[in-house]
Amino acid sequence: MSSHRPTVLLTGAAGRLARSIRSSLQSHCAELRLTDRVPVEAPGYPAHCVHLGELADIGEHPQLLEGVDAIVHLAGHPREADWPTLIEANMTATIALWEAARAQGVQRIVYASSNHAVGFYPRSQRIDHEAPTRPDSRYGLTKVFMEGLASLYADKYGLRAFGMRIGHCAPEPSDARMLAHWIHPEDLADLVLVGLHSDYHCELVYGASANSRSWWDNRRAQALGYSPRHSADPFAARLESLGESDPVAERYQGGAFAAQEYQGDPERAARGR
Ligand SMILES: NC(=O)c1ccc[n+]([C@@H]2O[C@H](COP(=O)([O-])OP(=O)(O)OC[C@H]3O[C@@H](n4cnc5c(N)ncnc54)[C@H](O)[C@@H]3O)[C@@H](O)[C@H]2O)c1
């Protein structure tokens, strides 16, 4: 793993995940630049390192990527919504970012995909980084698009990509589903650092802590150096009874995202492949 301290641009810097990993990230960077379309609270941060703007317009601000080694891309719409909202935030803005990164010679992008890119796998099935995508929502499909975009730019232009199918990031798990897919912010920060420093071409890993109930075989992340420090296991006794009441939500990894707008036989998607 490289020990070089990179110059990094963090997108979605005002958001929940970015705020929870920013200080860990900053201490490993030569310079950490922040961008978001809403103001970023960053007291004492040098003004030239904070940029307010739409990601779709990033090509008009070449100074933002000047000298940047890597981008940590967390900007986006993080839940189910209508098509125009998701296309704008998770597709149009993402295309603009990858295109600007390619044009300016950025070496790698570490980006937030989601468990909802594979949310229609039944919970009884253990999947790894090679499992075909099974989006559970329009949101999940925009993350599949992001993974495809990352693959195209890695293969065609050599822009390395590290996609993290993040579970649910919070200081503590708070329901039964999270016993499988929760990730502590410190583990997420460690995973991002693996993405910034390890050697790969185009990767997909799972963003989860060391949960023994996980549905995911995360050996690629571990092979690249990820070693989670937290686990949801100690919360099991308290949370096991806090499952979903909906039969679709409790059957599939994507939970309520899979159940929303689902029509017909709850077993259909599980039998599908
Ligand atoms: N929160 C989780 O546990 C979780 C789980 C899986 C994946 N993710 C993904 O991680 C990322 C961050 O999630 P979050 O919970 O911090 O979301 P968030 O909504 O708190 O933060 C996202 C930020 O992105 C910014 N943004 C959105 N569209 C933009 C655009 N077009 N231009 C500039 N800025 C824009 C928003 O202003 C916001 O500050 C998202 O891509 C989300 O899909 C989050």
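A residue is called buried when its relative accessible area is under 20%, exposed when that value is over 50% and partly exposed in between, with a 1.4 Å probe and protein chains only. The model is predicted, so that local features need pLDDT of at least 70 and side-chain atom pairs count only at pLDDT 80 or more, whereas totals for chains, interfaces and linings use all residues. Residues are numbered from 1 along each chain as its sequence is written, and side-chain values rest on heavy atoms, with hydrogens and water left out.

Rings of Phe, Tyr and Trp (its six-membered ring) are taken to pair if their centres lie within 6.5 Å, and planes under 30 degrees apart count as stacked, over 60 as edge-to-face and the rest as tilted. The count by this rule comes to ten aromatic pairs. In one of them, the ring centres of tryptophan 182 and phenylalanine 235 are 6.1 Å apart with the planes at 65 degrees, so the pair is edge-to-face. Both tryptophan 182 and phenylalanine 235 are buried. Tryptophan 215 and tryptophan 216 also form an edge-to-face pair, with 6.0 Å from centre to centre and 75 degrees between the planes, and tryptophan 215 and tryptophan 216 are each buried.

A charge is said to sit over a ring if NZ of Lys or CZ of Arg is within 6 Å of the ring centre and within 35 degrees of the ring normal. Arginine 102 lies over the face of tyrosine 157, at 5.1 Å from the ring centre, while the charged end of arginine 134 sits over the ring of tyrosine 121, 5.2 Å from its centre.
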